[in-house]
Amino acid sequence: MVHLECDNTLSHDIHEIRDKVGVMKAKEMSTYACRDYLLQHSLENMRMSTDSPVVSNVQISDIFDFDDKRIEADKHIDVSCRRKMIEWKIKMADHFGGTREIVEISQNYLDRFVDKFHCSRKVYKLAAITTMYIAMKIFNPRKITLMSLSGLSRGEFSTRNIEEMEMLILEKLNWNVYPPTAASYVHIFISLMPPIRPSVKNTILQRACFFSELALFEYAFITERPSTIALAAVLNSIDGLDITLMSLRDRCKFISDIEDLCVLDKSMKDILRLRECLWELYTLSDQYEQHDVEALASNSILSNDYIHLLKLQDNKSNGMSPVDVSSLPESC
């Protein structure tokens, strides 16, 4: 797996890691940060409706000559639109051999872009497709042609539509297309683990990555920093780990090293809130039972009491896993 800020050759020299994380944190707090744009757009619409002098962000529905432009202009995007397009992006990444981190990257593009503009659902869908195209073009070895991408949209968007949107997005993002990701932080944090059995370390890594993927689906997480999400994901991934596989002393040192590395700007109470939110999302996924309760139990990685707790929680879930996604929706 290729990561933006770390890879499999990541040095374990703490000073090098600290410098790397410092650069990533500076980026996530400035260039690649995103506001709660749905709230901001609602407030701007309210101001406009009362004839306030405040000017709304630019509307881009008129840039593209869609036949149903007037109809679409009345359909505002919402949380469900965002989730549906993320589901489609995951399916697209899997189909073309891309990593889930590419989906996270493309969603950073999309959220930052929509933060700057009001757009209809149709334009939002075009922007979602195009941001995935940009991310795949930069980070995926297997390239996608504009023609095939237009085909995936069932002809809804022409190659020209996608090309024009690509340039618009890149310009509005000031060509900043290398965001720090929660997945990158997860790999850095895991590299700080004390020596443990490779299979156990890999399982912890996979669980933490999955937690970070789940965060993509929760709109409330767009204002959270990737480093904070990664920390919550890693802490959740070692919950219930059998003490014979990682002693309490090693576990405390591991957590302390991460906290020291990140220089946390969130209280542990805030971290706990994020962890609980991730657990709630996790227990609503089919992936939960398939890859944790069964696989980890067979490997004796979790304590028996904890496995029983996972099964009880999973019996309450009836949601969708990020692995099991629908095709490109007719409309979001």
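Biologist: In which helix of this predicted model is threonine 131 found?

Modeller: Threonine 131 is found in helix H6, which covers residues 121–139.

Biologist: Why is threonine 131 called buried?

Modeller: The term applies under 20% relative accessible area. Threonine 131 has 0% relative accessibility, and therefore counts as buried.

Biologist: What makes the pairing of threonine 131 and lysine 89 a polar contact?

Modeller: The cut-off for a pair of N or O atoms is within 3.5 Å. The side chains of threonine 131 and lysine 89 are joined at 3.3 Å, so the pair qualifies as a polar contact.

Biologist: Which other residues is threonine 131 in contact with, leaving aside neighbours within four places in sequence?

Modeller: Besides Lys89, the contacts of threonine 131 are Ser106, Tyr109, Leu110 and Ile169.

Biologist: How do you know that the span of helix H10 is close to the expected one?

Modeller: Helix H10, residues 198–217, has 20 residues, and its first and last C-alpha atoms are 30 Å apart.

Biologist: Why is H10 described as largely enclosed by the rest of the structure?

Modeller: The description holds because 15 of its 20 residues are buried. Phenylalanine 211 lies in H10, and at 0% relative accessibility this residue counts as buried.

Biologist: What separates the C-alpha atoms of phenylalanine 211 and alanine 233?

Modeller: The two C-alpha atoms are separated by 5.2 Å, although the residues are 22 apart along the chain. Leaving aside neighbours within four places in sequence, phenylalanine 211 is in contact with Ala233, and also with Asn236, Ser237, Leu278, Trp279 and Tyr282.

Conventions. Residues are numbered from 1 along each chain as its sequence is written. This is a predicted model: local features need pLDDT of at least 70, side-chain atom pairs count only at pLDDT 80 or more; totals for chains, interfaces and linings use all residues. Side-chain values use heavy atoms; hydrogens and water are left out. Helices (H or I, at least four residues) and strands (E, at least two) are DSSP runs, numbered from the N terminus. Buried means under 20% relative accessible area, exposed over 50%, partly exposed in between (1.4 Å probe, protein chains only). A polar contact is a pair of N or O atoms within 3.5 Å; within protein, one must be able to donate a hydrogen and the other to accept it, and residues adjacent in sequence count only if both atoms are side-chain atoms. Contact means heavy atoms within 4.5 Å. The expected span of a helix is 1.5 Å times one less than its number of residues.
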